[in-house]
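These are my notebook entries from looking through one structure, kept in the order in which I looked things up.

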Amino acid sequence: MGCVTCNRVTGHVNGLDLSCSGLYGTIDSNSSLFLLPHLRRLNLAFNDFNKSSISAKFGQFRRMTHLNLSFSGFSGVIAPEISHLSNLVSLDLSIYSGLGLETSSFIALTQNLTKLQKLHLRGINVSSIIPSSLLNLSSLKSMDLSFCQLHGRFPDDDLQLPNLKALKLKGNYDLSGNFPKFNKSNSILLLDLSSTNFSGKLPSSIGSLKSLESLDLSHCNFSGSIPSVLGNLTQSLTWTSQAINLMLSSYNLGGIVETDMFMNLENLVYLDLSYNILTLSNYSHSNCALPSLETLLLSSCNISEFPRFLCSQELLAFLDLSNNKIYGQLPKWAWNVGTETLSYLNLSQNMLTRFERFPWRIMQYLDLHSNLLQGPLPSLICEMSYIEVLDFSKNNLSGLIPQCLGNFSKSLSVLDLRRNQLHGTIPETFSKGNLIRNLDFNGNQLEGPLPRSLINCRRLQVLDLGNNRINDTFPHWLETLPELQVLILRSNRFHGHVRGSNFQFPFPKLRIMDLSRNGFSSSLPEMYLKNFKAMMNVTEDKMELKYMGEYSYRDSIIVTIKGFDFELVRILFTFTIIDLSSNRFQGDIPDFIGSLSSLRELNLSHNNITGHIPPSLGNLMVLESLDLSSNNLNGRIPRELTSLTFLAILNLSKNHLTGVIPQGNQFDTFSNNSYNGNIGLCGFPLSKKCVVDKAPQPPKEEEVESDTGFDWKVILMGYGCGLVVGLLFMGCLVFLTRKPKWFVRMIEGDRHKKVRRSTKSTRRHGARRS
């Protein structure tokens, strides 16, 4: 596990390496660690010290030359005494979040630690401008200040850092400046300015960086054309084995990108020009000379044809041409691109009309969604024995679903065929041991009944069969699937009772159940409502912006919110829905529905439900949408509902409710439409006044805060549009308006790093949609 070294003469411990040792606990000032004053090397990286602070006692290790506390769960403000370690050669305090360094301490650190060769502070909240003393660390070889909340302007002077090999300033969104000026003697290998506010044109002097191997300028504000000298960057490495990476996505480029400018980069492995306005020049076979290229990302580049320069890319493994204007069918020569290596191909959001051949033997990811494809699914699809993600959604495909798709037991994880014109039945051949995680057939003309072989999909998380013609009773046998989280059967011809079997824990992970617009009858499914464990006991620490699906393929569904259908292009883990609307359910709403404390949306509208609204609904403290309209409910509206401070949408219209409408919190914001059709209701916001208003007065603001634990800021948040529902509407807006950068940063995070990781492992693990 660990490694301890001692001085051979004195016997003093001078080295301690406990990295990746699974350590857990706290390190306070009384820790025995500080009884080792002769330590010169200390590595505690990748452990969990449970939000310990970096104690001032670390400053007593005056002999220390190497200190690594990265990614070990430290938090709080770093003690300024860390700047006393004047002999440090390497300092790594990197973390994802939770650590801060005061500006004065940051400046003192850069002034005192003059021997530093490695300075990594990734993720530490510095909230400072870059001090001039930082640029005078002449011994510095590697500096990582990514995501440090640096601001102001990066110095325009020449960088007097002759030994610098790696400079990372990624994710400092308020840090501006021009492209850095490097000393002519500099031999920098890696430069990452992505997701900053750097701007201006790339200078021709960039061609003097002969040793550069990785350049990331994505999501910056650089403009103008790419200097032709970019092709000379690695001229000195032409005959070496060094891999070269160029990332220039979202660079705001214009004009023609001459592909021959890259032809000197014989070791170019990774090229990202996505989200630019490009016109690629085409060349004959003899001019195609990128023999090492493995990853090419040209998404959203205004390309109108398959790039000719790909004609002889024998090592290409990862190709993204999504969201362009490629029309018709691929040229015949395109089938020769990466025939033995291509495992990821994304041609989604183009205008392809035919796609019949599948010559790629190891294809793992194929995305053709949102094209103009017609006719049946190609029969050759059955030969793709390694496929993991297959997305033909949002086309005009017709015919039957090939039965072979149920037999990809060793590979297929995602099968997305939604919004086509497929008919017939769902394949009956889902074999035991298959790896299917997502089945989406929404919006076709499929008929029933459901194949019982779906019970073999033990890894299934998302099953979306909505908007078809499936004729069957409720598939209660799906309740034994251990990973199922989303079940959508909406707008079909299901009928009968919704009853469970005697299975002890039905649907153990289900968070979204949509049975709306069918013919289900009898009482509400009490057996399930009592046992939806994944919809109970939400806690604040679980309310994170995490989405279903793997890092490069995000699950999406269509849900009804406020009477309108919305496509959620990403599904928050905290989004929980029960939609049983537009059926023939009858009887009372059971009291125990109030135990579903993590429920975000409840829709029981357009049924034959009778009885009172249970006061226990007031326990659904994160509920954001409640629709009980068009039923036969009677009695008063429970005052307990006013405690739902996240409630953004309320519809109780077209019932037989009576009495005074409660007031307070969210109920002060709802309009007449929430109550129309209840002739026995009175009070605000209706014009009908109550004859005898015996309703209790709403508590004072102080009482609301005391009783609910919410302060006024949280209540105002609820008044807005609800946490998750608000994000959903905002998400829809974002993806309709071409991804504003601030939202992309929040949602996509370290996208390029993930894509790069995916590329490196593409032969071992495959790739999925990002």
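Entry on aromatic rings. I looked up F474 and F520 in this predicted model, and I noted that both residues are buried. Their ring centres lie 6.1 Å apart with the planes at 75°, and because an angle over 60 degrees counts as edge-to-face, I recorded the pair under that heading. I then asked where in the chain F474 and F520 lie. F474 is in the loop between β36 (462-464) and β37 (486-488), while F520 belongs to strand β40 (residues 519-523), so the pair ties together parts that are 46 residues apart in sequence. I also found both residues in one aromatic cluster, which is formed by F474, F494, F507, F520, Y528, F532 and F585.

I next wrote down the count of aromatic pairs, which comes to 20. One of them is F71 with Y96, a tilted pair with 4.8 Å from centre to centre and 50° between the planes. F71 sits in the loop between β4 (66-68) and β5 (76-77), and Y96 in the loop between β6 (90-92) and β7 (99-100), so this pair ties together parts that are 25 residues apart in sequence. Is Y96 buried or exposed? I noted a relative accessibility of 67%, and since anything over 50% is called exposed, Y96 counts as exposed.

Entry on the backbone. I looked for cis peptide bonds and noted the one from G448 to P449, where omega is near 5°; P449 is found in the loop between β35 (445-447) and β36. I noted another cis peptide bond joining F684 and P685, with omega at about 10°, and P685 lies in the loop between β53 (680-682) and α3 (701-708).

I then looked at phi. Q149 has a positive value near 60° although the residue is not glycine, and I placed Q149 in the loop between β9 (142-144) and β10 (151-153). S370, also a residue other than glycine, has phi near 60° and lies in the loop between β28 (365-367) and β29 (374-375). For accessibility I recorded 47% for Q149, which counts as partly exposed, and 22% for S370, which likewise counts as partly exposed.

Entry on cysteines. How many disulfides does the structure hold? I found 2. One joins C382 to C404, with 1.9 Å from S to S, and the torsion about its S-S bond is about -75°, so this disulfide is left-handed. The pair links distant parts of the chain, since C382 is in the loop between β29 and β30 (389-391) and C404 in the loop between β31 (396-399) and β32 (414-416), 22 residues apart. C382 counts as partly exposed at 32% relative accessibility, whereas C404 counts as buried at 16%.

The disulfide between C682 and C690 has an S to S distance of 2.1 Å, and with 105° about the S-S bond I recorded the link as right-handed. C682 is buried, with a relative accessible area of 9%, and C690 counts as buried at 18%. I noted that C3, by contrast, is in no disulfide, as the nearest cysteine sulfur, that of C6, is 9.7 Å away and a disulfide needs the sulfur atoms within 2.5 Å. C3 counts as partly exposed at 40% relative accessibility.

How values were computed: Residues are numbered from 1 along each chain as its sequence is written. This is a predicted model: local features need pLDDT of at least 70, side-chain atom pairs count only at pLDDT 80 or more; totals for chains, interfaces and linings use all residues. Side-chain values use heavy atoms; hydrogens and water are left out. Rings of Phe, Tyr and Trp (its six-membered ring) pair if their centres lie within 6.5 Å; planes under 30 degrees apart count as stacked, over 60 as edge-to-face and the rest as tilted. Helices (H or I, at least four residues) and strands (E, at least two) are DSSP runs, numbered from the N terminus. Buried means under 20% relative accessible area, exposed over 50%, partly exposed in between (1.4 Å probe, protein chains only).
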